[in-house]
Amino acid sequence: MADFYPREQHWRWKHALRAEANSISNTIKAATKAFSDRFSKLLAPKAPFNKSKYQAFAHSMFSNLIGGIGYFHGDALVDRSYAAEYEEENEGFWEETAEARHRQGAVKLEGPAELYTSIPSRPFFPRGFLWDEGFHLIPVADWDMDLTCVAYNRT
């Protein structure tokens, strides 16, 4: 049976992969350091949150904010009836709003539309919120004004 990978070729391949892995690791380390340096320069936490124990939390929070920016395109189900049930005046409002949505003709398909927005909590609210967007864009503006302008113009 023929040896498809002679020992010498296997040795080269193994070392090439190891070199590539080292290169990727070094690139990740450099990117992490560049992020940390830029974060410290542009968004350094103020007292009392400027202690080292808060640094990882602040980096994670901002990374999640930037990482949660997404582009959405498509149709939306919209209810423009302004029904009284949507006022959320009691604890059972969600049942009343469900009934209002099921009324004949209350919900209509609109679109398509596009949205480029920050998602506040991807697992629980996988959509953008116009009210929150202004607050989300405050630190993003310090980080990257072009990104902020794109998000603002598509909200």
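Ser118 sits in strand β2. Helices here are DSSP runs of H or I with at least four residues, strands are runs of E with at least two, and both are numbered from the N terminus. Ser118 is buried, with a relative accessible area of 3%. Buried means under 20% relative accessible area, exposed means over 50%, and partly exposed is in between, using a 1.4 Å probe and protein chains only.

Before I go on: this is a predicted model, in which local features need pLDDT of at least 70 and side-chain atom pairs count only at pLDDT 80 or more, while totals for chains, interfaces and linings use all residues. Residues are numbered from 1 along each chain as its sequence is written, and side-chain values use heavy atoms, with hydrogens and water left out.

Back to Ser118. What is Ser118 in contact with, leaving aside its neighbours within four places in sequence? The partners are Leu65, Gly68, Ile69, Gly128, Glu133 and His136. Contact means heavy atoms within 4.5 Å. A polar atom of the Ser118 side chain also lies 3.5 Å from the backbone oxygen of Leu65. That is a polar contact, meaning a pair of N or O atoms within 3.5 Å; within protein, one must be able to donate a hydrogen and the other to accept it, and residues adjacent in sequence count only if both atoms are side-chain atoms.

Now the helix packing. Helix α2, residues 52-67, and helix α4, residues 130-143, have axes that come within 11 Å and cross at roughly 95°. This makes α2 roughly perpendicular to α4. Axes are lines fitted to C-alpha atoms, for helices over the stretch in contact, and angles run from 0 to 180 degrees between N-to-C directions. Under 35 degrees counts as roughly parallel, over 145 as roughly antiparallel, 65 to 115 as roughly perpendicular, and the rest as oblique. From α2 the contact uses Phe62, Leu65 and Ile66; from α4 it uses His136, Pro139, Val140 and Trp143. By class that is six nonpolar, one polar and no charged residues. Nonpolar covers Ala, Val, Leu, Ile, Met, Phe, Trp, Tyr, Cys and Pro; charged covers Asp, Glu, Lys and Arg; the others, Gly among them, are polar.

Helix α4 also packs on α5, at an angle of about 155° with the axes 7 Å apart. The two are therefore roughly antiparallel. On the α4 side are Glu133, Leu137, Val140, Ala141 and Trp143, which meet Met145, Leu147, Thr148, Ala151 and Tyr152 of α5. This contact divides into eight nonpolar residues, one polar and one charged.

At the start of α5, a side-chain oxygen of Asp144 reaches to within 3.1 Å of the backbone nitrogen of Asp146.

Last, the backbone. A cis peptide bond joins Gly111 and Pro112, with omega about 5°, and Pro112 lies in strand β2. Another cis peptide bond joins Ala47 and Pro48, omega again about 5°; Pro48 is in the loop between α1 and α2. Tyr82 is not a glycine but has a positive phi of about 55°. Tyr82 is in the loop between β1 and α3 and is exposed, at 69% relative accessible area.
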